[in-house]
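Hi,

Here is the structure I promised to pass on.

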Amino acid sequence: KTWFTSYHRYSEIAGFFTSLASSYPTLVSLNTSIGKSYEGRDLFMARIGTRTNPNVKQVYIQGLIHAREWVAGSTVQYLCYKLASAYANASSPDHAWAVKTFNTTEFYVVPVVNPDGYEYTWTSDRLWRKNRRRAVSSSTAVGVDLNRNYPAGWGTDPNGASTTPSDEDYQGPSPLSEPETKVVTYNFLSTLRSAVLAIDFHSYSQLILRSPGYNYVVPSDQAAKFKAAGDAAAAAIQKQSGKVYTSQPGTALYPATGSADDWAYSADTDAKVTQDRQGKGRVFSYTIELRPSSSTSSGFVLPPAKIVPAGEEIWAAVKVMVDYVMANI
Ligand code: 0X9
Ligand code: ZN
């Protein structure tokens, strides 16, 4: 397996998932287009599960909403590879866990939420973050921060996002103004009726951030469980690799409005797009900021030699998070 020794372009990642689905046809299926990006690239989704239990609970994972956070992409690919190979190989140390887990759980994965921005980081600007749409005609600025564009407290806190199109955290002209956020939210609502856990992968700083990530209140019993699952993930990582990830509320980093994590939690009770999930209970929802820690200089440009170590520690984290959530819903 040389795949995890380097980062890959968007089209190669799409090919990786095509191969995964053909290598593990009874477990992995690929929807090659849940919708298109602004520049016309397909957003695709892998579904990983046995389809044997009608009451299955769903885990949602996404990556590369921020273009420059390449390790978010490699880690999501690594998790999918581990889920499939652990289930298929009786000799895997994770086989028993996988068999048990797939009796009750399936995984829905959108590996590249922002393909246009991601390709731009390969061709033009390694540190590009946003999508590639020029959102307002009165400005020449390109790009909306997709993680400020969801209908979850959008525009409710001047410190939570920017209204200036050239800013890195520009929220866009309106909630879901961007094709990419429209696609992933519509996809979630139409396919993830039984979601219990959602994880959005980012880098960097080594943080397990739980909703809420802007200023609203989660009921205390639920908040305690969200914390416990995050703490368990951090402990599992430290046991696996020795790396310290800090488990904390999303607001502790800084408030961010219109983010994917809070939307998945379904905090925005008045947004039309979330209405049909009201009363279904709250999803355990996290943003995980991957390697490196904030004290190192490489930042978003994590050496490819770290792809597997990062993947391994997050595999350990995801297993305990799934276990905790399934035992506490
Ligand atoms: O600011 C973000 O979107 C995330 N950090 S990053 O450096 N990858 O850009 C953190 C989002 C945390 N979630 C909320 N505060 N809702
Ligand atoms: Zn990010």
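Among contacts between residues at least 6 apart in sequence, 76% join residues at least 24 apart (a contact means C-beta atoms, placed from the backbone, within 7 Å). Bear in mind that this is a predicted model: local features need pLDDT of at least 70 and side-chain atom pairs count only at pLDDT 80 or more, while totals for chains, interfaces and linings use all residues. As for labels, residues are numbered from 1 along each chain as its sequence is written, and chains are lettered from A and ligands numbered from 1 in the order in which they are written.

The chain has nine helices and eight strands (DSSP runs numbered from the N terminus, with H or I of at least four residues for helices and E of at least two for strands). Its radius of gyration is 18 Å, close to the 20 Å that the globule rule gives for 329 residues, so it is as compact as a globular protein of that length (taken over C-alpha atoms; the rule is 2.2 Å times the number of residues to the power 0.38). Of those 329 residues, 50% count as buried (20 or more other C-beta atoms within 10 Å of the residue's own; exposed is 12 or fewer, partly exposed in between).

In α1, the buried residues are Tyr10, Ile13, Phe17, Leu20 and Ala21. They cover an arc of only 95° around the axis, which puts them on the same side of α1 (the arc is that of the directions from the helix axis to the C-beta atoms). Ser11, Glu12, Gly15 and Ser22 are exposed on the face turned away from that side. The cover over the buried residues of α1 includes β1, β2, α2 and α4.

In α3, Ala98, Thr101 and Phe102 are buried. Their arc is only 90° around the axis, so they sit on the same side of α3. Ala96 and Lys100 are exposed on the other side, and the cover over the buried residues of α3 includes α2, β4 and α9.

Now for the ligand. Ligand 1 is surrounded by 15 residues, the closest being His202, Gly213, Gly250, Ala256 and Ser259 (near means a C-beta atom, placed from the backbone, within 6 Å). At least two residues of this shell come from each of α7, α8 and β8.

Cheers

Definitions and conventions. Two residues are in contact if their C-beta atoms, placed from the backbone, lie within 7 Å.
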